[in-house]
Amino acid sequence: MAGLLALLAVAEHAGEFTKIIELSQRFSGFIFPCLGVHPVQEGSPEQQRSASLRDLDAALPVIEKYKDQLVAVGEVGLDFTPRFVSSESDKENQKQVLILQAQLAKALDLPLNVHSRSAGRPTIHLLKEQGVEKALLHAFDGKPSVAMEGVQAGYFFSIPPSIIRSEQQKLVKQLPLENICLETDSPALGPEKQVRNEPQNICVSAEYISKIKGVSLEKVMEVTTQNALRLFPKLKSAIRP
């Protein structure tokens, strides 16, 4: 298993919740569940749309039911990619969905797993406005200067294997190692475009960060693991001495 100690299984809509909970129960202590409503939802099979408050209706009771098992609320966030956002009301709907989930995470004392495509600045500003203290911004595509606002707020940024071919290299140069986690976002964001990504490719992220930072691979693995345990303390049960 390439040395993997735990996996976070992250939902995007209520239709996935049961499957993720079942996986976490079947592989207890290895797969850990995160439930949340993503800013982009399926409309018809060929069409994706911005999330709305209706999408939370089915999600919130299930999150409440399994709240003690969750390691995070996610994947939540903002996605202002033009093909998903046709008006300011779409953006406002996404913000309202994120605000409610941020408030829920605070009430449950859980971190947020955050998506922020084409919306780095508004996402970080909204999280700060809502008083969110524990957040992981995955595959962040905003400016490094905006990310540093997140660092000042105590947020973490996770780096996928696609780092080897992405603009995120500039981000990693500026981020303190103490604010970096590793992710694969499988099956997406692999080292090669349009090739299915696998959890074992997390090693690619670690190796590339070590090159950019000029520190040993062991140092990257040690610090990012400790960062993940600080952010997701329920993972400690998977880390055996």
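Student: Which residue is the bridge partner of Val114 in β7?

Tutor: This is a predicted model, and in it Val114 has Leu137 of β7 as its bridge partner. The two strands involved, β6 and β7, run parallel and are joined by three bridges.

Student: Which way do the residues of β7 point?

Tutor: The general idea comes first. In a regular strand, side chains alternate between the two faces of the sheet. In β7, Ala135 and Leu137 point one way, while Leu136 and His138 point the other way. All of these are buried.

Student: In what order do the strands form the sheet?

Tutor: The order is β1-β2-β5-β6-β7-β8-β9, which makes seven strands in an open sheet with parallel pairing. At the edges are β1, residues 7–10, and β9, residues 180–182, each of which pairs on one side only. From one strand to the next the twist averages 35°.

Student: How many bridges join β2 to β5?

Tutor: Two bridges join them, and the strands run parallel; β2 covers residues 31–35 and β5 covers residues 72–79. Opposite Cys34 stands Ala72 in β5.

Student: Which strands does helix α3 touch?

Tutor: Helix α3, residues 88–108, packs on the sheet and touches β5 and β6. The direction of α3 makes about 155° with that of β5. On the other strands, helix α7 (residues 202–213) lies across β8 and β9, and its angle to β9 is about 150°.

Student: What span does α3 reach, and what span is expected?

Tutor: From first C-alpha to last, the 21 residues of α3 reach 30 Å, close to the 30 Å expected at 1.5 Å a residue. After α3 comes Asp109, with a positive phi near 55°.

Student: Which residues of α3 are buried, and what do they pack against?

Tutor: Buried residues of α3 include Asp90, Gln94, Val97, Leu98 and Ile99. Further along, Gln101, Ala102, Leu104 and Ala105 are buried too. The buried residues of α3 pack against β4, α2, β5, β6 and α4.

Student: How many aromatic pairs does a search of the whole structure find?

Tutor: The search finds one. Phe140 and Phe157 form this pair, which is edge-to-face, with 5.3 Å from centre to centre and 80° between the planes. The pair links distant parts of the chain: Phe140 is in the loop between β7 and α5, and Phe157 is in strand β8, 17 residues apart.

Student: Why do Phe140 and Phe157 count as buried?

Tutor: Phe140 counts as buried because its relative accessibility is 2%. Phe157 is buried as well, since its relative accessible area is 0%.

Student: Which residue lies over the face of Phe80?

Tutor: Lys91 does, at 5.0 Å from the ring centre.

Student: Where is Asn201 found, and what is it in contact with?

Tutor: Asn201 is in the loop between β9 and α7. Leaving aside neighbours within four places in sequence, Asn201 is in contact with Pro161, Thr184 and Pro191. Asn201 is buried, because its relative accessible area is 18%.

Definitions and conventions:
Residues numbered from 1 in each chain as written. Predicted model: local features only at pLDDT ≥ 70, side-chain atom pairs only at ≥ 80, totals over all residues. Heavy atoms only, no water. Pairing = 2+ DSSP bridges. Helix = DSSP H or I, 4+ residues; strand = E, 2+ residues; numbered from the N terminus. Axes fitted to C-alpha atoms, helices over the stretch in contact; angles between N-to-C directions. Contact = heavy atoms within 4.5 Å. Phe/Tyr/Trp six-rings, centres within 6.5 Å; stacked < 30°, edge-to-face > 60°. Buried < 20%, exposed > 50% of the residue type's maximum accessible area, 1.4 Å probe, protein only. Lys NZ or Arg CZ within 6 Å of the ring centre and 35° of its normal. Expected span 1.5 Å × (residues − 1).
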